[in-house]
Amino acid sequence: MADDNLHARMHSVSGETRRIVDEVLEYSRRRILADGTPLDHAASEAELRRIAGTTIDEAGIGASRALAIFEHVLAPACITTDHPQFLSFIPSAPSKAAIAFDLVVSASALYGGSWLEGAGAVHAENEVLGWLAGEFGLPAGAGGVFVQGGTIGNLSALVAARDDARIRADDPSGSRGRWVIVCSAEAHSSIVSAARVMDVDVVTVPADEDGVLRAPAVRRALEEHGDRVIAVVATTGSTNFGIVDDVAGIAALKREFDFWLHIDGAYGLTAMLSPLARDLFRGVEEADSVIVDPHKWMFAPYDACALIYRDPETGRRAHTQHAGYLDVLTDSADWSPSDYAVQLTRRPRGLPLWFSLATYGAGAYRQAIGHSLELARRIAAEIAARPELSLVREPQLSVVVFEREGWERADYDRWSARLLEEQRAFVVPSSHAGRPNARFAIVNPLTTFEQLTGILDTMR
Ligand SMILES: Cc1ncc(COP(=O)(O)O)c(C=O)c1O
């Protein structure tokens, strides 16, 4: 390349460009099609610095070397989240079509913030959101946006709820005192985080012994905090236990009290797609907003949360940014996804899910989700039958929590570290009511009963 073209080296199509693209696609192909990618494990900062060396210098180290460092040093220091024995936190299990299409989203340099710039991508994302809204029983016209994750989804929904409360209260001076969000004591930490960002209070209501938040406890909070309540959050699939709150009972309170019902279904709302679990979700159709994370149990890659408003106008009113340079967007009646959450620039992160759903069909999703539900029930029965183990709670979805008789936290820690060291499984300890426990969160359709019993055998 002539010297006077050096400034364009990174962007023009040249022999070097072709080699870079070939190498990156070849690596991606190998990784996506690999059978048995190891679980891997973290390395120390010092070790990574020593082995990877300095990778950023004035001249660049070249794509081949950078890719080799990624493949042989950096990637093995990242746990393989789509491994069937990754059973910690809430795992991820993107479908092959979704992973492959994620490359297409990047290759196409799409902007998903506005209709003007990304109409085709936004149309496909909206078809998915509309389909999900229908599955959840929300009315035609419900819609929203894919955001980064459940944390931003919950925050955005609750900001819309407060905006709605402010407008309806017609109380600009805020004389009612501080706004309140009501949720279960077992709600996800992101609800408290959202309240902190919003500078509103959280009233946590105790769930019943089985982990379910029910209407009587919510009623007491509504009676006590009255019109300061901007939203009640019901969780459909708690993070620690996968327990679904009594949404129908809580929603029925809307006939007596005026509040926004938000459903945090980041992990569990997906199970509504399966006839095996659908009944647990009665009342979701009454929600003012819902979230579900496709990167959890809907087989999409990180990171994506579907945020859906019953009346999308409430989201648009709360979130649209205004500025001279945005007038061309905001003066138009077109649907711009950026208007519905705390964000502006956005990748159309719903597209890998769209492609996967379009490729395999909703039926494949229902079956794959059903597989995890059935496996959780089967392994729970196995745990209950083993004398040294006991279930902490009966599972409702695909999270199974259990204790090993006589074990302290240090025993669980040692056991968990050994499982990873032997590359057998990634199962970190959790705790409930101050007692340590072990926990399987199952979302990967390739996880088997035999793999799980093999892990239980290591606790004997
Ligand atoms: C019920 C629930 N809500 C919200 C979140 C937060 O989602 P994210 O990690 O995508 O921000 C999680 C994450 O596990 C969750 O389980």
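Ile291 stands opposite Leu307 in β7. Keep that pair in mind for Exercise 2. You're looking at a predicted model, where local features need pLDDT of at least 70, side-chain atom pairs count only at pLDDT 80 or more, and totals for chains, interfaces and linings use all residues. Residues are numbered from 1 along each chain as its sequence is written.

**Exercise 1. Find Lys296 and work out whether Lys296 is buried or exposed.**

Step 1: Start with the record. UniProt, in an unreviewed entry, puts "modified residue: N6-(pyridoxal phosphate)lysine" at Lys296; such annotations may be inferred rather than shown by experiment.

Step 2: Locate the residue. Lys296 sits in helix α10, residues 294–297. Helices here are DSSP runs of H or I with at least four residues, strands are runs of E with at least two, and numbering goes from the N terminus.

Step 3: Count neighbours. Lys296 is buried because it has 28 C-beta neighbours inside 10 Å. (Buried takes 20 or more other C-beta atoms within 10 Å, with C-beta atoms placed from the backbone.)

Step 4: List contacts, meaning C-beta atoms, placed from the backbone, within 7 Å. Skipping neighbours within four places in sequence, Lys296 touches Ile90, Ser92, Ala266, Tyr267, Thr270 and Val443.

**Exercise 2. Which strands stand at the edges of the four-strand open sheet?**

Step 1: Write down the order. The sheet goes β8-β9-β11-β10, with antiparallel pairing.

Step 2: Pick the ends. β8 (389–391) and β10 (430–432) each have a single partner strand, so one side of each lacks a neighbour in the sheet.

Step 3: Neighbouring strands are turned by 45° against each other on average, direction ignored. (Axes are lines fitted to C-alpha atoms, for helices over the stretch in contact, and angles run from 0 to 180 degrees between N-to-C directions.)

Step 4: Zoom in on one pairing. Three bridges link β10 to β11 (residues 435–441), with Ser430 partnering Asn437.

Note on methods: Buried ≥ 20, exposed ≤ 12 C-beta atoms within 10 Å, placed from the backbone. Contact = placed C-beta atoms within 7 Å. Pairing = 2+ DSSP bridges.
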